[in-house]
Amino acid sequence: MSSTTRTLGGALQVSPMGLGCMGMSEFYGASDETEAVAVIHRALDLGITFLDTADMYGPFTNEQLVGRAIAGRRDSVQLATKFGNERLADGTRLGINGSPDYVRRACDASLQRLGVDVIDLYYQHRVDKSTPIEETVGAMAELVQAGKVRHLGLSEASPATIRRATAVHPITALQTEWSLFERGVEAEILPTVRELGIGFVPYSPLGRGFLTGRFTSRADVEQGDFRAADPRFNKENFAANSSLVEQVSAMAREKGVTPAQLALAWLLAQGEDVVPIPGTKKVSRLEENAGALELTLDADDLARLDSIVPVGAVQGDRYPDLSSIDR
């Protein structure tokens, strides 16, 4: 396994690939806590030490799970969590909250659930359009000064918001969706963060699993899985998007790798400032994803993938409702 690291924002050294923990607690159908802990332990053994969670996953239970899994191994982990999608314990969604008082309360609650003294990377999960970003980031900066947080991040922020945020405090990473299936960040957002020296953490780097090749029909989406409402999985778009995956899969077979490994290697090749965080609930999938770290794509490979899945080829929006996305 590759032992190299990547640096986000010129400040935070992390493993070149992270692990998204969300699906271990919610959104992707049934999960098993014992298996989830095993996945996290195996990730650390493989050198995948950049773990991503959020208070709203569960809600709250995912941070507790991650905290239990890293107990005794905290020093080897780069721990990222998020605030901003406010929920009650019963799952009720209260909306997006970036008010300074909420930032402080959310951080203290996350530290307690995670069982740690400091969070390595603390993200605003979504931009609160009713609170000036300067106020939110100002409160986040206070957490750094208090020693509760080491680095700050944003998620799904627009170029203008990112610029305003960096004027208050250095931003180490932007976490936004990016994959062969979702290329929207490439036009304006990626150039902005690179100009400002901010690292990029792509979430859903496998197109919410579509790029693994395991969805041969819509019936493969299990009950309780939020992908059942994903426009890219609906009956109008599924066939067209499956055709793209079949072409990616054919190229993967030629190379003797899996489609997931090929898709992750494409992202890893986009720059040393890019650290994808594929999520999984299974050790076997984790090990498969880790294999992408050993796959090197040349310029011809990258050009071929761009021709197989050109910008705009994927059918359907990435969410049923895009109103929470800062643009």
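Let me start with helix α9, residues 283-290. Its buried residues are Leu286, Glu288, Asn289 and Ala290, where buried means under 20% relative accessible area, exposed over 50%, and partly exposed in between, with a 1.4 Å probe and protein chains only. What covers these residues includes β3, α1 and α8; contact here means heavy atoms within 4.5 Å. Helices (H or I, at least four residues) and strands (E, at least two) are DSSP runs, numbered from the N terminus.

Before going on, the basis. This is a predicted model, in which local features need pLDDT of at least 70 and side-chain atom pairs count only at pLDDT 80 or more, while totals for chains, interfaces and linings use all residues. Residues are numbered from 1 along each chain as its sequence is written, and side-chain values use heavy atoms, with hydrogens and water left out.

Now the cores. A nonpolar core is a set of buried Ala, Val, Leu, Ile, Met, Phe, Trp, Tyr and Cys residues joined through side-chain atoms within 4.5 Å. The largest has 83 residues, and Leu19, Ile40, Leu174 and Leu262 touch the most other members. Helix α8, residues 259-268, gives the most to this core, with eight residues. Leucine 262 is in contact with Val248, Met251, Ala252, Lys255, Val257, Leu295, Leu297 and Leu305, leaving aside its neighbours within four places in sequence. There is also a second, separate core of twelve residues, which includes Leu12, Phe50, Ala173 and Tyr203. As background, nonpolar side chains tend to be buried together in soluble globular proteins.

Tyr203 takes us to strand β11, residues 199-203. Five of the five residues of β11 are buried, so the strand is largely enclosed by the rest of the structure. Gly199, Val201 and Tyr203 point one way, and Phe200 and Pro202 point the other way. In a regular strand the side chains alternate between the two faces of the sheet. Strand β10, residues 173-177, pairs with β11 in the parallel sense over five bridges; for two strands to count as paired, DSSP must find at least two bridges between them. The bridge partner of glutamate 177 in β11 is tyrosine 203. With helix α6, residues 189-196, the strands β10 and β11 make a right-handed β-α-β unit. Right-handed means that, with the strands pointing away from the viewer, the path from the first strand over the helix to the second runs clockwise.

Next, charges. How many salt bridges does the structure hold? The count is 23 salt bridges, each a side-chain nitrogen of Lys or Arg within 4 Å of a carboxyl oxygen of Asp or Glu. In one of them, arginine 87 pairs with glutamate 26, and the closest N and O atoms are 2.8 Å apart. Arginine 87 lies in strand β6 (85-87) and glutamate 26 in the loop between β3 (18-20) and α1 (33-45), so this pair ties together parts that are 61 residues apart in sequence. Arginine 87 counts as buried because its relative accessibility is 9%, and glutamate 26 also counts as buried, at 17%.

Another salt bridge joins arginine 104 and glutamate 142, with 3.1 Å between the closest N and O atoms. That pair links helix α3 (100-114) to helix α4 (133-145), the two residues being 38 apart. Arginine 104 is partly exposed, at 33%, and glutamate 142 is partly exposed at 39%.

Helix α4 has a further link: glutamate 134, in α4, and arginine 164, in helix α5 (159-166), are 30 residues apart. Glutamate 134 is partly exposed at 31%. Finally on this topic, salt bridges that share partners join Glu156, Glu177, Arg208 and Arg318 into one network.

Last, aspartate 120. Where is aspartate 120 placed? The residue sits in strand β8, residues 119-124, and counts as buried because its relative accessibility is 6%. Its side chain makes a polar contact with the side chain of arginine 150 at 2.5 Å. A polar contact is a pair of N or O atoms within 3.5 Å; within protein, one must be able to donate a hydrogen and the other to accept it, and residues adjacent in sequence count only if both atoms are side-chain atoms. A polar atom of the aspartate 120 side chain also lies 2.7 Å from the backbone nitrogen of leucine 79. Not counting residues up to four places away in sequence, aspartate 120 touches Leu12, Arg74, Val77, Gln78, Leu79, Arg150 and His151.
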